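Here is a short briefing on one protein chain. Look over the sequence and the structure first, then work through the points by topic.

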Amino acid sequence: MTKNTEPQDRAKNELPRFSYQSSLLMLLFLILAVTLVPLALKQVTSNYNWWTVILGGLLAGFGTVFSQYRLVLKKPLDKQFYLLVGAASLVCGFILFIFAFAGIIM
């Protein structure tokens, strides 16, 4: 016996979708965080690994959350948006930390 689900229940269980615009914006921010930030910081300072992790993490986290939250879900920028940016920035910064100190992106 199969269970009939209401359309509201099916909408809750669906994963968020990525539009072409949000995917392109997310890719642009990630490319900026991984390539242009380290190159620009290499010109400014000799110890650029930590600055790359901090600025690249913030940039990648903001771009990822903004592309989903604002472009796909069309929600206003509220407190939840900034909390998600902070969490995504920490995750992206940790990944950049691993890449930077393993010598992968530098």
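Start with Tyr69, which is buried, with a relative accessible area of 3%. Tyr69 is found in helix α3. Keep in mind that this is a predicted model. The chain has 4 helices and 0 strands.

**The whole chain**

- From the N terminus on, the elements run α-α-α-α.
- The protein chain has 106 residues, and 27% of them count as buried.
- The accessible surface comes to about 7,800 Å². Carbon and sulfur atoms hold 68% of that surface.
- Residues 24 or more positions apart account for 61% of them.

**Helices α2 and α3**

- Two packed helices are described by the angle between their axes and the distance between the axes.
- Helix α2 covers residues 20–44, and helix α3 covers residues 49–72.
- The axes of α2 and α3 come within 9 Å and cross at roughly 170°.
- Angles over 145 degrees count as roughly antiparallel, so α2 is roughly antiparallel to α3.
- Which kinds of residue make up the contact of α2 with α3? The contact divides into 17 nonpolar, 8 polar and no charged residues.

- Ser22 lies in helix α2.
- Is Ser22 buried or exposed? Ser22 is buried, because its relative accessible area is 0% and buried means under 20%.
- Leave out residues up to four places away in sequence. Ser22 then touches Ser67, Gln68, Leu71 and Val72.
- Arg17 sits in the loop between α1 (7–13) and α2.
- Arg17 counts as exposed, because its relative accessibility is 60% and the cut-off for exposed is over 50%.
- Setting aside neighbours within four places in sequence, Arg17 is in contact with Gln68 and Val72.
- Arg17 and Gln68 are 51 residues apart along the chain. Their C-alpha atoms are separated by 8.5 Å.

**Around Tyr69**

- What does Tyr69 touch, not counting residues up to four places away in sequence? Its contacts are Lys74, Lys75, Pro76, Asp78, Gln80, Phe81 and Leu84.
- Phe81 is 12 residues from Tyr69 along the chain. The C-alpha atoms of Tyr69 and Phe81 are separated by 7.2 Å.
- Phe81 is one of the buried residues of α4.
- Lys74, also touched by Tyr69, lies in the loop between α3 and α4.
- Lys74 counts as exposed, with 62% relative accessibility.

**Backbone angles**

- Most residues other than glycine have a negative phi.
- Lys74 has a positive phi, near 55°, and is a residue other than glycine.
- Gly103 follows α4 and also has a positive phi, near 85°.

**Helix α4**

- Helix α4 covers residues 79–102 and has 24 residues.
- How far does α4 reach from its first C-alpha to its last? The span is 35 Å, close to the 34 Å expected at 1.5 Å a residue.
- The buried residues of α4 are Phe81, Val85, Ala88, Ser89, Cys92, Gly93, Leu96 and Ala100.
- These buried residues pack against α2 and α3.

- Gly93 has its place in helix α4. Gly93 counts as buried, at 9% relative accessibility.
- With neighbours within four places in sequence set aside, Gly93 is in contact with Val53 and Gly57.
- Gly93 and Thr52 are 41 residues apart in sequence. In space, they are 8.7 Å apart, C-alpha to C-alpha.
- Ile98 also has its place in helix α4.
- Ile98 is partly exposed, because its relative accessible area is 41% and that class runs between the 20% and 50% cut-offs.
- Ile98 and Val53 are 45 residues apart along the chain. The C-alpha atoms of Ile98 and Val53 are separated by 9.1 Å.

Notes. Residues numbered from 1 in each chain as written. Predicted model: local features only at pLDDT ≥ 70, side-chain atom pairs only at ≥ 80, totals over all residues. Heavy atoms only, no water. Axes fitted to C-alpha atoms, helices over the stretch in contact; angles between N-to-C directions. Helix = DSSP H or I, 4+ residues; strand = E, 2+ residues; numbered from the N terminus. Parallel < 35°, antiparallel > 145°, perpendicular 65-115°, else oblique. Nonpolar A, V, L, I, M, F, W, Y, C, P; charged D, E, K, R; others polar. Buried < 20%, exposed > 50% of the residue type's maximum accessible area, 1.4 Å probe, protein only. Contact = heavy atoms within 4.5 Å. Areas by Shrake-Rupley, 256 points an atom, 1.4 Å probe, with all protein chains shown as cover. Expected span 1.5 Å × (residues − 1).
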